[in-house]
Amino acid sequence: MTTSSRRDFLSIAAAGSTLAASGVFSGGALAAPVDMPQGGGGRRYVPPVKFGLGGVPFGNEFEVVSDEDAYQTLEAAWNAGVRYYDVAPWYGLGLGERRYGNFLHNKNRDDYVLSSKVGKLLKASPHNNAKSNFPFSPSPNNVVFDYTADGVRRSIEDSLQRMGVSRLDIAFVHDISPDNKLLPTPWQEQFAIALKGAFPALSRMREDGVIKGWGIGVNTPEPILRVMQESDPDVCLLASQYSLIDHANALNNVFPVARQRNVKFVIGSSLNAGFISGSPRYNYGKTSWNIPRQYIEKREKLRAVAAQFGADLRTAALQFSAAPDVAAALVVGAHTRAQILAHVTSMQTTIPPEFWVELKRRNLIEQNAPVPTAA
C-alpha cells in the first residue's frame, strides 16, 4: 500500500469511528429496528440505517471493476461506518452478490442491514446470453423471470447461498415494471402473477421471520402505487424517481399514497446513475447515453447555482434525495474507495440554506419539495 493510499484508508477509518459513535448512519443500535404502524394492527419494518452502499457497480454494470477495487471499496465503506448494503442477483448476473458475500460473510450478521431482490432466477448454462445484458461481467448465467411464490423462495435461497450469509433483512421484488423490456409478457401480467404468488409468499416469510420486510424495487411509479394499494409491503426501493433532476411525480403523486399506507422508501439512483456528478449517461439501460436535452440544460443550471453558493452539486443531490419524511434510507453506488469516502463526507456536509431558496426561486426544484436542514 502506498503512502497516499494508506493516508486515504486511515482517513476513512477515522471518519467511520466518528460516524459509528454518533449513530448518524445507523440511527442507533441495529438490534432495535424501527417499526411503524401498519393497517390491520401489524407493524411495518423500516431499516434502522439511513445510508447504504448500492451494489450496481459491483456487477460491472457500466465498466470493468476488478475484484481488488470491489473489495477495497467494501472495506472502505465498512470502515467509514456504512452498515446497509443493497444488492441483487441481476447485478452482473450473480457477480454483485458474490462480491458482497465474500466480504460480508466474515462480519457479524447482526451488525449490518442487507437487502437483495427476487423475481429473477439465475441458471448457469454453457450457452448463456449473459454478455447481451452485462458485457463486462464474466457470469455464466441466464436469467429467468419468476414472480411466483416458489420462485421468490428459490430466489432468496439462491441469494443466501451465493453470499454465504444466513438471512436477508429486506427482499425487493425486482423490475416488475413497464420499463423492463426483458419481461416475457407485459408487466401487468407479471404483476398479476406476483399479486397471487410473490407478494403473499413474502408476507408469510415476514411473519415466519425469514425476512424482516419486503417491497418492490422499480424505476417507474405505476407498480409502486399498485403494490401499496393492493398488497402490504413494508418498504419499497424507489429508483430513478426522486432526484434533483426529476422528482415532481414522486413528490406529488407517490409520496401522498405512501403516507396513507404507512410505507417508507429506500431511495436509489439519486445521482441518476452518476449523471448529476458528471457521468455521460442518464439512468440505466442500453440507451442511457442518449440523454434528453432538457436534463443536460437543467444540470447546467444546477451547477451554476451550486457554484454561486460554493456548494458541491453531488452532495446537494444526495442530501436532497434523503430529505423527504418517507425516505427511510438512501443507497448510493460506488466502485472506488475515493467515491465511497466522498459519499460519506457528503452526508455530513452542510449546504447553505440559501442554495435551496435559490433553487426554488428559479423553479429548479418543486416549491413543496423538502430540503435538508442545516446541521
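S240 counts as buried, because its relative accessibility is 8% (buried is under 20% relative accessible area, exposed over 50% and partly exposed in between, with a 1.4 Å probe and protein chains only). The residue sits in the loop between β10 (235-239) and α9 (248-261) (helices are DSSP runs of H or I with at least four residues, strands are runs of E with at least two, and both are numbered from the N terminus). S240 is not a glycine, yet has a positive phi of about 60 degrees. This is a predicted model, in which local features need pLDDT of at least 70 and side-chain atom pairs count only at pLDDT 80 or more, while totals for chains, interfaces and linings use all residues. Residues are numbered from 1 along each chain as its sequence is written, and side-chain values use heavy atoms, with hydrogens and water left out.

A273 is another case of a non-glycine with a positive phi of about 60 degrees. Its place is the loop between β11 (264-268) and α10, and A273 counts as buried because its relative accessibility is 11%. D175 belongs to the loop between β8 (170-174) and α6. With 11% relative accessibility, D175 is therefore buried as well. Leaving aside residues up to four places away in sequence, D175 touches K120, Y147, N180, L183, G217, V218 and N219 (contact means heavy atoms within 4.5 Å).

Now for the helix pairs. Helix α5 (residues 149-163) and helix α7 (residues 198-207) have axes that come within 7 Å and cross at roughly 50 degrees; axes are lines fitted to C-alpha atoms, for helices over the stretch in contact, and angles run from 0 to 180 degrees between N-to-C directions. The two helices are therefore oblique to each other (angles under 35 degrees count as roughly parallel, over 145 as roughly antiparallel, 65 to 115 as roughly perpendicular and the rest as oblique). The crossing of α5 and α7 is right-handed, meaning that the near helix is turned clockwise from the far one by less than a right angle, with anticlockwise giving left-handed. On the α5 side, A149, V152, R153 and I156 meet A198, A201, L202, R204 and M205 of α7. These contact residues come to seven nonpolar, no polar and two charged (Ala, Val, Leu, Ile, Met, Phe, Trp, Tyr, Cys and Pro count as nonpolar, Asp, Glu, Lys and Arg as charged, and the others, Gly among them, as polar).

Helix α6 (residues 187-196) packs against helix α8 (residues 221-230) at about 30 degrees, the axes being 12 Å apart. That angle is why α6 is roughly parallel to α8. W187, Q188, F191 and L195 of α6 make the contact with E222, P223, R226, V227 and E230 of α8, a set with five nonpolar, one polar and three charged residues. This crossing is right-handed.

Helix α10 (residues 293-309) and helix α13 (residues 353-361) pack at an angle of about 150 degrees, with axes 10 Å apart, and α10 passes α13 in a right-handed crossing. Here L302, V305, A306, Q308 and F309 from α10 meet E354, F355, E358 and L359 from α13; six of the residues are nonpolar, one is polar and two are charged.

As for the whole protein chain, its secondary structure comes to 13 helices and 12 strands. Of its 375 residues, 55% are buried. Among contacts between residues at least 6 apart in sequence, 74% join residues at least 24 apart.
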